[in-house]
Amino acid sequence: MSLLRMEAGPLGVAVRPRVAIAVLALALTGFAALVVSVSLGTYAIPLDEVLGAVLGTGDGAADLIIHQLRLPRALTALLVGAAFGLAGAVYQAVTRNSLASPDLIGIAAGSGAGAVTAILIGGVTAAGAGTFGAVPFGALAGALLTSAAIYLLAYRDGTVTGYRFVLVGLAANGALMALTRWMLARADIDQASRAMVWLTGSLNGRGYEHVQWSGLALALLMPLTLALARPYQLLQFDDDTARSLGIPLKHSRIALLVLATCLTALATSAAGPIAFIALGAPQIARRLTGTAGIPLVTSALTGSVLLILADLASRLVLAPTELPVGVLTGAVGAPYLLLLLARANRAGKGG
């Protein structure tokens, strides 16, 4: 109930039935998508065999396909989607800008540059990019350095406006993408090809080590983010209002941005820089709940549902050929971004 109260609105003073229904519907949809994702594929597995394999009573063939291929992939999709959705909600709420998504403002690009550096230096394979090796730490270092640089460059007159943060982030995104391409151009062709597969954004080949890494990191970062729900909600007002209600603006904003950056690095290290999820999930969640602000829990659940459905579609649309999920989400995200820009232009916000 306390988690739902956070979703109720900017002050979170009451639980609205629409919020509770949205959270429940998203949770059920995510579970149903998990079961369907494990069941469908080149070799279809009946739902009763899926449950049997999960419980350890299925036949050998089904058990091998589920536990070695499909279940770890589906679980990783849910966890990575939740991290992207939560990170996008924090960035958009703190900057008060619906375009402040980590995949647009350079955070994901910084995380990707750090991870690619780890891949090229350490010779890590793309399939192993989400393990407890150098790649997650490279992704985290790249994301934190990028976030700090953007914040310092956007800081002026004692504050950081969302519009300036986004503009600086867009510039950083272009610079970091160019840096990544330069590193790939100078790398050994085998290492560069592995890094390029990872940079596309894919859940192929994910195992339980990715589930463990993503689950442990999300179990740490999500409670810390939810613990800052009150400053998160108040920062969606203007600075004067938040300050009058006793919120230390600078420290609260920095703490939330650091957590969002860590969430982005977690998701990127496990699956690569997947577009659209962090951009679209918070806006979809706000429309589902009908709240004035951007809800945290619903954004995370929306991100999970979006990514697992996108991964399922990437496996089935052109079967037996499999698309990287990042290609599919990027194709969907491009027109959505144009729609956001058109709406911002009509509202006179200038992006």
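**A buried arginine and its surroundings**

Arg 73 is buried, as its relative accessible area is 6%, where buried denotes under 20% relative accessible area, exposed over 50% and partly exposed the range in between, with a 1.4 Å probe and protein chains only. The model is predicted, so that local features need pLDDT of at least 70 and side-chain atom pairs count only at pLDDT 80 or more, whereas totals for chains, interfaces and linings use all residues. Residues are numbered from 1 along each chain as its sequence is written, and side-chain values use heavy atoms, with hydrogens and water left out.

The structure holds two salt bridges, a salt bridge being a side-chain nitrogen of Lys or Arg within 4 Å of a carboxyl oxygen of Asp or Glu. In one of them, Arg 73 is paired with Asp 311, and the closest N and O atoms are 2.8 Å apart. This pair links distant parts of the chain, since Arg 73 belongs to helix 4 (residues 60–95) and Asp 311 to helix 14 (residues 296–316), 238 residues apart; helices are DSSP runs of H or I with at least four residues, numbered from the N terminus. Asp 311 is buried, as is Arg 73.

A salt bridge also joins the side chains of Arg 73 and Glu 322, at 2.9 Å from N to O. Because Glu 322 is located in the loop between helix 14 and helix 15 (325–346) while Arg 73 is in helix 4, this pair ties together parts that are 249 residues apart in sequence. Glu 322 counts as partly exposed because its relative accessibility is 34%. Through salt bridges that share partners, Arg 73, Asp 311 and Glu 322 are joined into one network.

Helix 2 (residues 17–39) comprises 23 residues and spans 33 Å from its first C-alpha to its last, close to the 33 Å expected at 1.5 Å a residue, the expected span being 1.5 Å times one less than the number of residues. Among the buried residues of this helix are Val 19, Leu 26, Gly 30 and Ser 39. Leu 40 lies in the loop between helix 2 and helix 3 (47–55), and Leu 40 counts as partly exposed because its relative accessibility is 34%.

One aromatic pair was counted, under the rule that rings of Phe, Tyr and Trp (its six-membered ring) pair if their centres lie within 6.5 Å, with planes under 30 degrees apart taken as stacked, over 60 as edge-to-face and the rest as tilted. The ring centres of Tyr 151 and Tyr 155 are 6.0 Å apart and their planes stand at 35 degrees, so the pair is tilted. Tyr 151 is buried, with a relative accessible area of 11%, whereas Tyr 155, at 32% relative accessibility, counts as partly exposed.

Note on methods
Helix = DSSP H or I, 4+ residues; strand = E, 2+ residues; numbered from the N terminus.
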